[in-house]
Amino acid sequence: ELAHVRCGIRVTAKDWADFWIHEGSGTYMQPLYLEQRVGSEAYRKKMKIDLKRVLNKAAIAPQPPRTTDSIYFAQSGDDAPGGDIYFKGSWVCHSLRWLVGDEAFFEVLRRWAYPDPSSEKTTDGSAVRLVTTDELIAIAERVTERDLGWFFDVYVRSATLPQLEEALEGGVLTLRWDVGEGVAFPMPVEVVLDGEPRRVDLLDGTATLEVGAAEFEVAPAMRVLRRP
């Protein structure tokens with residue numbers, strides 16, 4: 001609930017279609033707190049627990065306008081994301097952190113709350129504002145100086161998660177994202193090769209890595225939200 005002072009009061013969704021903004025961000029503050037107080041393993045355990053609660057029934061940020069019932073209550077039908085605004089929303093933050101790196105990610109979080117750095121010191125409530133998903137995407141793109149539309153299109157505008165396909169032939173590992181025909185998804189993947197983690201860029205949605213006879217594991221740290 002303390003997280004809602006920042007994600008829900010200071011930054012509030014303009015429409016119910018954007019309700020994931022404060023619920024997802026607020027939920028993500030829990031593993032962040034564990035990471036700071038206990039350590040990275042506690043963070044990973046909490047993310048793993050929350051992943052089991054992701055249902056992917058519907059997009060967590062459908063195009064507005066939407067009603068409370070059509071977003072918040074899962075029993076209203078298959079087109080309601082229900083709890084995904086919390087747990088999938090948190091995993092969107094987690095995946096964005098892996099994509100852009102810690103320094104840029106935490107600057108994005110700060111600018112989501114305070115677009116103007118001067119507002120960080122205000123105490124009169126003037127920094128409180130209503131926001132949309134598109135506004136937060138624009139802020140993230142400005143901070144990171146990169147196009148992130150593809151990331152949010154897949155994770156918040158769609159219900160279906162991307163699937164990572166693996167193929168090994170002749171000592172060469174091929175990785176490919178499947179997110180639907182004609183959809184670009186250049187999400188990097190971590191591969192642990194002989195005990196050493198490597199960040200593999202899939203700039204066009206595919207990548208190859210020579211592994212030879214070495215032992216390897218793809219995405220063991222669960223840094224990216226994807227289909228199991």
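This is a predicted model: local features need pLDDT of at least 70, side-chain atom pairs count only at pLDDT 80 or more; totals for chains, interfaces and linings use all residues.
Let me begin with a pair of helices: α5 passes α6 in a right-handed crossing, where right-handed means that the near helix is turned clockwise from the far one by less than a right angle, and left-handed that it is turned anticlockwise. Helices here are DSSP runs of H or I with at least four residues, and strands are runs of E with at least two, numbered from the N terminus.

Residues are numbered from 1 along each chain as its sequence is written, and side-chain values use heavy atoms, with hydrogens and water left out.

Returning to that pair, the axes of α5 and α6, the latter being residues 102–113, come within 7 Å and cross at roughly 130°, the axes being lines fitted to C-alpha atoms over the stretch in contact, with angles from 0 to 180 degrees between N-to-C directions. That makes α5 oblique to α6, since angles under 35 degrees count as roughly parallel, over 145 as roughly antiparallel, 65 to 115 as roughly perpendicular and the rest as oblique. The contact, meaning heavy atoms within 4.5 Å, is made by Cys-93, Leu-96, Arg-97 and Val-100 of α5 and by Asp-102, Ala-104, Phe-105, Phe-106 and Trp-112 of α6. By class, these residues divide into seven nonpolar, no polar and two charged, where Ala, Val, Leu, Ile, Met, Phe, Trp, Tyr, Cys and Pro count as nonpolar, Asp, Glu, Lys and Arg as charged, and the others, Gly among them, as polar.

Helix α6 also meets α2, and here the axes come within 13 Å and cross at roughly 135°, so that α2 and α6 are oblique to each other. This crossing of α2 and α6 is left-handed, and its contact is made by Ser-25, Tyr-28, Met-29 and Leu-32 of α2 with Phe-105, Phe-106, Leu-109 and Trp-112 of α6. The contact of α2 with α6 has seven nonpolar, one polar and no charged residues.

Finally, I turn to Thr-132, which is placed in the loop between β2 (129–131) and α7 (133–144). Leaving aside its neighbours within four places in sequence, Thr-132 is in contact with Lys-14, Asp-18 and Ile-21. The C-alpha atoms of Thr-132 and Val-200, which are 68 residues apart along the chain, are separated by 32 Å.
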